[in-house]
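Hi everyone, thanks for coming. I have one structure to walk you through today, so let's get it up on the screen.

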Amino acid sequence: MSFTRIRQRRRMLDITQEELAEKAGISRTTLWKLENGRTVRVSTETLFSIANILDCDVDDLISEKSLT
């Protein structure tokens, strides 16, 4: 599973990695690993938190459809 859409959505909203990581309660390194496909381990709670912060559904972050 790829989480590169987290980066796409974060950039669309002009949020830095540091801001998103802090709000989600994870390290910037963990967020970087998620955005760059270096890890697939993420708790459901963290994934829902990130989606909430990015004002989207979890499905939007893992879907193959285009982000809007």
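Let me begin with the contacts along the chain: among those between residues at least 6 apart in sequence, 64% join residues at least 24 apart. Please keep in mind that this is a predicted model.

What does the secondary structure come to? You can count five helices and zero strands, and reading along the sequence gives the pattern α-α-α-α-α. The chain has 68 residues, and 37% of them are buried.

Now let's zoom in on one helix pair. Two packed helices are described by the angle between their axes and the distance between the axes. Here the pair is helix α2, residues 17-24, and helix α3, residues 28-35; their axes come within 9 Å and cross at roughly 110 degrees. An angle of 65 to 115 degrees counts as roughly perpendicular, so that is how α2 sits relative to α3.

Which residues meet there? On the α2 side we have Q17, E18, L20 and A21, and on the α3 side R28, L31, W32 and E35. Sorted by class, this contact has four nonpolar residues, one polar and three charged.

One last stop: E45, which you'll find in helix α4, residues 44-53. Is E45 buried or exposed? Its relative accessibility is 67%, so E45 counts as exposed. Have a look at A24 as well: E45 and A24 are 21 residues apart in sequence, and their C-alpha atoms are 9.4 Å apart in space.

Technical notes
Residues are numbered from 1 along each chain as its sequence is written. This is a predicted model: local features need pLDDT of at least 70, side-chain atom pairs count only at pLDDT 80 or more; totals for chains, interfaces and linings use all residues. Side-chain values use heavy atoms; hydrogens and water are left out. Axes are lines fitted to C-alpha atoms, for helices over the stretch in contact, and angles run from 0 to 180 degrees between N-to-C directions. Helices (H or I, at least four residues) and strands (E, at least two) are DSSP runs, numbered from the N terminus. Angles under 35 degrees count as roughly parallel, over 145 as roughly antiparallel, 65 to 115 as roughly perpendicular and the rest as oblique. Contact means heavy atoms within 4.5 Å. Ala, Val, Leu, Ile, Met, Phe, Trp, Tyr, Cys and Pro count as nonpolar, Asp, Glu, Lys and Arg as charged, and the others, Gly among them, as polar. Buried means under 20% relative accessible area, exposed over 50%, partly exposed in between (1.4 Å probe, protein chains only).
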